[in-house]
Amino acid sequence: MTSVLSYESLVHAVAGAVGSVTAMTVFFPLDTARLRLQVDEKRKSKTTHMVLLEIIKEEGLLAPYRGWFPVISSLCCSNFVYFYTFNSLKAVWVKGQRSTTGKDLVVGFVAGVVNVLLTTPLWVVNTRLKLQGAKFRNEDIVPTNYKGIIDAFHQIIRDEGILALWNGTFPSLLLVFNPAIQFMFYEGLKRQLLKKRMQLSSLDVFIIGAIAKAIATTATYPMQTVQSILRFGRHRLNPENRTLGSLRNVLYLLHQRVKRFGIMGLYKGLEAKLLQTVLTAALMFLVYEKLTAATFTVMGLRRAAHKH
C-alpha cells in the first residue's frame with residue numbers, strides 16, 4: 001500500500017500538474033480559438049490568428065483568456081486523478097516486475113476512463129464558462145449567465161438535471177483511445193530511431209512525442225468537435241437525447257457537420273488545436289523534466305546531509 005502513496009509518485013503528479021498549468025496558460029488563447037471554431041459554426045474566418053484578432057477586437061484584450069481559472073482548476077484535478085490512478089494501478093498490478101507496453105496501455109486506458117467519469121462535470125462547466133459572453137455568429141445558441149464554477153453547477157442541475165453534467169461522456173470515453181494511439185506511434189517511432197543510434201536526446205524524444213501526438217489528435221479530432229458541442233449543450237437542436245451523447249447522437253452531429261461544411265467541417269479548429277497541443281507538450285515536458293530533476297536533486301542533497 002505504501003507504494004501507492006509514495007512520495008515519489010506525488011512529486012511526479014505535482015510536477016505533471018505544474019507543467020501542464022504553465023503550458024496551458026501560455027497557449028490558452030489557441031484553445032479559445034479552437035473552441036470557437038468548433039462550436040460557432042457560422043464563423044467565416046478560418047485561420048487561428050484571424051479568429052483571435054476578431055475575439056480581441058469584439059470582446060476586449062483579455063477575452064482569449066476568458067474561463068482561464070475554471071480550466072486550470074479542472075486541468076489540475078484531471079491530471080492529478082490521471083497520474084494518481086495510473087501510478088497506483090501500476091504499483092498494484094506490476095508489483096516490482098518490469099512493466100510491458102501492453103500493461104502500460106491497459107493501465108493508461110483504465111486511468112483515462114476513471115478520469116473521464118470523475119471529471120466530465122468539471123469540463124462541461126468549463127466549456128460553458130469559457131464561452132460565456134462570447135459574441136457568437138450563430139443565432140441558435142442560448143446564452144448563459146453563470147457567476148462562477150459553483151453557480152454554474154447549481155444552474156445546470158436546476159435547469160437541465162444532474163445528468164446534463166455528464167453531457168458528451170460518450171465521445172469523451174472514445175477519446176480515451178487518443179493517448180493509446182499516441183503511445184503506440186511513440187513507441188514505434190522510438191524503436192525505429194533506436195535502431196540507428198544508441199540513445200535518444202531530449203530533442204529526439206520531443207520530436208517523436210510531437211509527431212505521435214499530432215497523429216493521435218488528427219485521428220480523434222472529429223470526436224473532440226462533437227464533445228465540445230455536446231458539453232456546451234446550448235444549441236437549440238434535438239435536446240431530448242443529449243444527456244449521455246449516445247452513439248446515435250454522435251453520428252447525427254457528425255452527419256450534420258459533414259452535410260453543411262463537407263468533410264473538412266469535422267476539422268474546424270484543428271490548426272489551432274495542433275499548434276496548441278504540440279507547443280503545450282513541448283513546454284510541459286520541459287517544465288516537468290526540470291521540476292522533477294530539481295526536486296530529486298534537493299531531496300538527494302537533503303538525504304546526503306542527513307547521513308553525515
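Author: The bend at a residue is the angle between two axes, one fitted to the seven residues ending there and one to the seven starting there. The model is a predicted one. By that definition, helix α9 has a kink of about 55° at Y221, shortly before the proline P222.

Reader: How do you know that α9 falls short of a straight helix?

Author: Helix α9 runs over residues 202–232 and has 31 residues. At 1.5 Å a residue a straight helix would reach 45 Å, but the end C-alpha atoms of α9 are only 38 Å apart. After α9 comes G233, with a positive phi near 55°.

Reader: What makes the span of α2 agree with its number of residues?

Author: The 12 residues of helix α2 (residues 28–39) should span 16 Å at 1.5 Å a residue, and its end C-alpha atoms are 17 Å apart, which agrees.

Reader: Why is α2 called largely enclosed?

Author: Buried means under 20% relative accessible area. In α2, 12 of the 12 residues are buried, so the helix is largely enclosed by the rest of the structure. Among them are D31, R34 and R36.

Reader: Why is T119 called buried?

Author: T119 has a relative accessible area of 4%, and the cut-off is under 20%, so T119 counts as buried. T119 is found in helix α5. Leaving aside neighbours within four places in sequence, T119 is in contact with S78 and V81.

Reader: Which residues does the UniProt annotation "transmembrane region" cover?

Author: The unreviewed UniProt entry gives 12–30, 67–85, 105–125 and 200–221. Over residues 105–125 the chain is 100% helix; over residues 67–85 the chain is 95% helix.

Key: Residues numbered from 1 in each chain as written. Predicted model: local features only at pLDDT ≥ 70, side-chain atom pairs only at ≥ 80, totals over all residues. Heavy atoms only, no water. Helix = DSSP H or I, 4+ residues; strand = E, 2+ residues; numbered from the N terminus. Expected span 1.5 Å × (residues − 1). Buried < 20%, exposed > 50% of the residue type's maximum accessible area, 1.4 Å probe, protein only. Contact = heavy atoms within 4.5 Å. UniProt positions renumbered as here; feature names shortened; annotations may be inferred.
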